[in-house]
Amino acid sequence: MTKRIKKPAVAAELRRDWLRRFEESGESPPQIARADGYDVRTVRKQIEAERQDRERREARSIVLRRAVEAHFADLCGFAKKIGAALEDAESDLSALRNDRLWLALKEHLPRSPIWRSLDKWDRLQADIRQSEMNLDQSLQDLVKAKSPVKFPVAPHEVGMTAEIISALYNHARDMAEGRPGIDLNRAYITRPADGGTTSVSLGPLFVGRIPDKQVKDVRQLLAELLQEVTKLPEWDELARRLRDLAGVRQLLDDELAIITMRRIVPGRCRYCPL
């Protein structure tokens, strides 16, 4: 009896070649079996096995591609979220810093100037808050020293209310950021009040009830204060820090735009799909 010789296992390359010949060249399993000296059942079995392996590989590739696309979308979306937070010069980034996507984006782009700029943003915010308090105190001292009427008073009392400080601060902030500030000719509003007094406002802010005989003095004071605000050293300090903040904001806008417009973030992080 002739001993049957067992053929070696079909190599992966040969199996892929059989599937290619079957699909692309139109060879049938019997034709492939005769040409390569294999049993037709083996050829059929290996062609089907290779087809299933290919489908599994393609399925894994699709899943991986979708996961990578979603990961990049998360990172780009987070970059947009940082940019949106920076639209408010007083925004607090602490909640974003605690987000895992902050860590992911930083691991992808560890050498990006974004991170130093965001740290500087936080420092400047703290400095600006201090400058604002310093300016506020200087404005109060200035008004107290020069006011011809009692200051500060409650809205129903005769004299100037603390709203004058808000008006002067808003004017100072506008001037520091390059906006025109208060135009006294347009903003100064007077209305008759009770008891020989006049109600005085600067735009929407109520300055106070002023004795009729001192209305002109108060207007002159307001004109002087609006001029003097920008001569205070505290205003210079605030204006400088606001300019620095604007520069940091511009750099961050540019760097974040690169991320969101490329839609692909180089590097890797611990949350990458592979």
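**Exercise 1.** At what angle do helix α3 and helix α5 pack, and how far apart are their axes?

*Solution.* The model is predicted, so local features require pLDDT of at least 70 and side-chain atom pairs pLDDT 80 or more, while totals for chains, interfaces and linings use all residues. Residues are numbered from 1 along each chain, and side-chain values use heavy atoms, without hydrogens and water.

Step 1. Helix α3 (residues 40-85) and helix α5 (residues 100-108) pack at about 105°, with their axes 10 Å apart.

Step 2. Angles of 65 to 115 degrees count as roughly perpendicular, and α3 is therefore roughly perpendicular to α5.

Step 3. With contact defined as heavy atoms within 4.5 Å, His71, Asp74, Leu75, Phe78 and Ile82 in α3 meet Leu101, Trp102, Ala104, Leu105 and His108 in α5.

**Exercise 2.** Characterise the salt bridge of Arg173 with Glu132.

*Solution.* Step 1. A salt bridge requires a side-chain nitrogen of Lys or Arg within 4 Å of a carboxyl oxygen of Asp or Glu; for Arg173 and Glu132 the closest N and O atoms are 2.5 Å apart.

Step 1. Arg173 belongs to helix α7 (residues 163-176) and Glu132 to helix α6 (residues 113-146), 41 residues apart.

Step 2. Both Arg173 and Glu132 are buried (under 20% relative accessible area).

Conventions. Axes fitted to C-alpha atoms, helices over the stretch in contact; angles between N-to-C directions. Helix = DSSP H or I, 4+ residues; strand = E, 2+ residues; numbered from the N terminus. Parallel < 35°, antiparallel > 145°, perpendicular 65-115°, else oblique. Buried < 20%, exposed > 50% of the residue type's maximum accessible area, 1.4 Å probe, protein only.
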